[in-house]
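Have the structure open and follow along.

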Amino acid sequence: MAPSIGLPLAVLALPFIAFVLLAVAAPLRRAGRAAGLVSILTMALAFAAALTVWARGLVFEATWTWIPADGGPIASVGLMVDSLSQAMLVLVTLVSLLVQIYSLAYLHDEPPASLGRYYTYQSLFAFSMLGLVLAPGFLQMFIFWELVGLCSYLLIGYWYERPAAARAAVKAFWITKLGDVGFIIGIVLLWSATGTFEFTELFDKAQSVSGLPLIMFLIYLGAVGKSAQFPLHVWLPDAMEGPTPVSALIHAATMVTAGVFMVTRAEPLFALVPEVLTLIAWVGAFTALLAATMACVEGDIKRVLAYSTVSQLGYMMAAAGAGAAQAGFLHLLTHGLFKALLFLAAGAVIHAVGTNDVFRMGGLFRAMPHTGIVFIVGTLALAGVPPLAGFFSKEAVLGGVWEAHLTGPFLMLALTALLTAFYMFRVVFIAFFGRAHAGGHPHEAPWLMRGPLWILALLTVLVGLRLAAGGLAAGGVEGHEEAPGWLAPLSVGLALAGFLLAWAMYQRGVIEPARVATALGPLDFMARRRYGLDTLYAGLYRGIMLGFSRLIGWIDRYLVDGLLNVLSALTLRAGARLRGIQSGKAQDYVYGVAFGVLLLIVWAQLWR
Amino acid sequence: MIGLSAYLTLAALVFSIGLFGVLTRRNAVGILLGIELMLNAVNINLVAFARFSGNVTGLVFTLFTIAITVAEVAVGLAIVIAIFRVRRTVEADRLDLLRG
């Protein structure tokens with residue numbers, strides 16, 4: 001066992017300690033802000049430990065037997081620290097820390113008991129996500145995978161008194177479960193073929209597994225649910241019912257990237273099944289394009305960001321499918337930074353104007369310049385403008401997809417890059433520069449909120465500069481693949497085109513948005529209705545699920561219960577008959593005795 | 001000379017008649033009479049066995065049985081009278097106090 005095991009263990013254990021403390025010590029939890037401070041303090045320590053792990057470049061794997069059995073353990077738990085998990089440790093603890101600090105101001109008006117509950121969930125989430133990242137095997141990963149799903153459910157439904165939030169929480173839970181069923185089946189199939197859950201052992205043994213494409217497809221289904229890939233992406237926009245910091249942490253930077261992380265972690269396995277990889281690339285690219293079109297017509301600032309997240313997750317998946325998982329992972333890291341930034345900035349805006357609707361904002365740049373600047377930094381990064389972080393990772397993804405000769409996905413992703421710039425600047429122009437018609441007096445957010453925003457904005461710039469200087473070598477993440485020379489101008493050009501289009505439509509008013517909508521009639525119509533997918537799922541749920549439930553209910557009520565009812569009725573009737581024997585009359589009893597004796601005599605005579 | 005089996009047959013007949021009475025009589029006094037018949041059938045058995053085995057024990061035993069029978073009848077009739085006082089009837093069909 002490595003001597004340096006203490007540090008990663010500390011990263012994992014600290015949030016857990018905070019969670020247990022807050023869960024058990026009810027007075028502390030109900031104190032609200034004190035609970036938040038406990039959570040933030042442990043998170044800060046965990047962040048420091050994660051930074052140390054990263055800086056020292058620790059690489060080791062330690063496992064302990066969990067389920068012992070004859071002929072070797074069935075399952076083990078442990079820590080797997082390598083370049084992937086180092087980078088994720090830093091990202092998760094950093095964003096968690098900033099989000100928790102930010103929440104202290106954002107959820108200022110919450111009752112103390114609710115705030116304590118919020119921080120309890122936050123600590124549990126941080127623990128679960130870190131456990132997922134450190135998992136050395138599929139089984140441990142699945143357990144933490146479900147735990148983060150649970151935390152997501154709890155935090156989306158944080159305002160559970162609101163019917164919309166409660167519904168969104170249940171929707172998110174069920175739709176991700178749909179993918180998780182495939183995930184667990186795939187894991188168990190893989191285990192029954194190789195007898196192990198551990199990644200390192202699987203990488204050696206998987207070669208000889210028959211039916212590997214099906215198994216890997218099932219495992220990929222888990223990522224489809226978690227990372228909101230088409231057609232299971234519908235839960236993510238609804239998940240915006242949760243508090244904005246939660247959206248920033250869970251539904252932008254960390255949990256939704258778990259699917260990408262899993263595919264990256266299990267890349268040697270996926271590399272054995274090119275057909276599944278191709279599918280992943282196509283689905284990812286299609287998801288990216290589909291979500292981008294929906295983001296273009298969305299009026300809710302958080303939902304725009306949510307669709308943008310779905311779209312960027314599509315990018316990452318497409319990269320993984322193209323065999324450039326490292327590029328996808330790089331995009332995961334940079335996206336985690338600037339999307340958390342965008343969400344938190346959007347939270348500051350919502351905090352100030354009290355609405356999510358961008359058309360009821362306007363001219364906010366003058367009222368809140370800090371928020372405006374960081375939002376624009378995030379937008380530029382997301383649009384892929386050099387030298388910000390998003391440019392390099394996006395270029396790496398596009399390069400990887402091009403290298404894999406996936407022309408279709410490449411074209412879709414390129415179009416998405418254009419749309420990304422368009423819908424993000426659309427929001428910027430409408431909300432920050434449009435005519436000022438925001439209700440009330442929008443004010444700059446308190447420093448508790450602005451601090452995390454500036455830190456993330458600075459990091460977005462710094463990571464971009466670092467990447468420009470030659471890859472995130474210290475993070476162990478390989479820089480971009482060797483991309484053709486025309487790629488960088490192309491992606492900048494696309495971003496610029498999207499920017500100009502948004503500028504012309506929403507700032508200068510040269511092009512009427514309504515006329516564009518009419519020109520693109522059916523597409524606009526479909527995008528506004530989310531391509532009917534939500535309606536389809538609702539219909540499927542009502543028609544098939546509820547119909548099936550009713551059938552099951554009928555079987556249970558009339559067949560299963562009926563059988564039992566018949567049995568009990570027979571018993572009752574037999575009892576009623578037998579009761580007649582006990583008449584209470586001495587004569588009847590004597591008759592019984594005499595008859596019995598007679599029977600005994602006859603029996604004795606016959607069997608002598 | 002009449003054999004032992006004749007006495008035993010007579011005793012069995014008397015016993016059966018007594019049992020039949022016990023099982024079928026509606027009146028409690030009739031039931032008591034049936035019981036008397038059954039007891040006396042036993043007495044016949046005892047006397048017959050004593051006579052044929054040349055053992056006097058059975059005769060002595062019979063004397064005791066007769067005495068106990070008298071006592072039993074006295075107790076039985078007393079119970080019947082007590083029941084009659086409470087329930088105003090000695091019909092066996094009505095006396096179902098043993099019912100749970």
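**Words and the values behind them**

Q: How do you know that helix 4 of chain A is mostly covered?
A: A residue is buried if 20 or more other C-beta atoms, placed from the backbone, lie within 10 Å of its own, exposed if 12 or fewer, and partly exposed in between. In helix 4 of chain A, 21 of its 24 residues are buried, so the helix is mostly covered. This is a predicted model, where local features need pLDDT of at least 70 and side-chain atom pairs pLDDT 80 or more, while totals for chains, interfaces and linings use all residues. Residues are numbered from 1 along each chain as its sequence is written, and chains are lettered from A and ligands numbered from 1 in the order in which they are written.

Q: What span is expected for helix 4 of chain A?
A: The expected span is 1.5 Å times one less than the number of residues. For residues 83-106, which make 24 residues, 34 Å is expected, and the helix reaches 34 Å from its first C-alpha to its last, close to that value. Helices here are DSSP runs (H or I, at least four residues), numbered from the N terminus.

Q: Why is A:A228 called buried?
A: A:A228 has 31 other C-beta atoms within 10 Å, and the cut-off is 20 or more, so A:A228 counts as buried. A:A228 sits in the loop between helix 9 and helix 10 of chain A, and its phi is positive, about 55°, although it is not a glycine.

Q: What makes B:R88 exposed?
A: B:R88 has 8 other C-beta atoms within 10 Å, and exposed means 12 or fewer, so B:R88 is exposed. B:R88 is found in the segment after helix 3 (57-87) of chain B. B:R88 also has a positive phi, about 60°, without being a glycine.

Q: Why is helix 16 of chain A called roughly antiparallel to helix 19 of chain A?
A: Helix 16 (residues 325-353) and helix 19 (residues 389-403) of chain A pack at an angle of about 155°, with their axes 8 Å apart. Angles over 145 degrees count as roughly antiparallel, under 35 as roughly parallel, 65 to 115 as roughly perpendicular and the rest as oblique, so helix 16 of chain A is roughly antiparallel to helix 19 of chain A.

Notes. Helices (H or I, at least four residues) and strands (E, at least two) are DSSP runs, numbered from the N terminus. Axes are lines fitted to C-alpha atoms, for helices over the stretch in contact, and angles run from 0 to 180 degrees between N-to-C directions.
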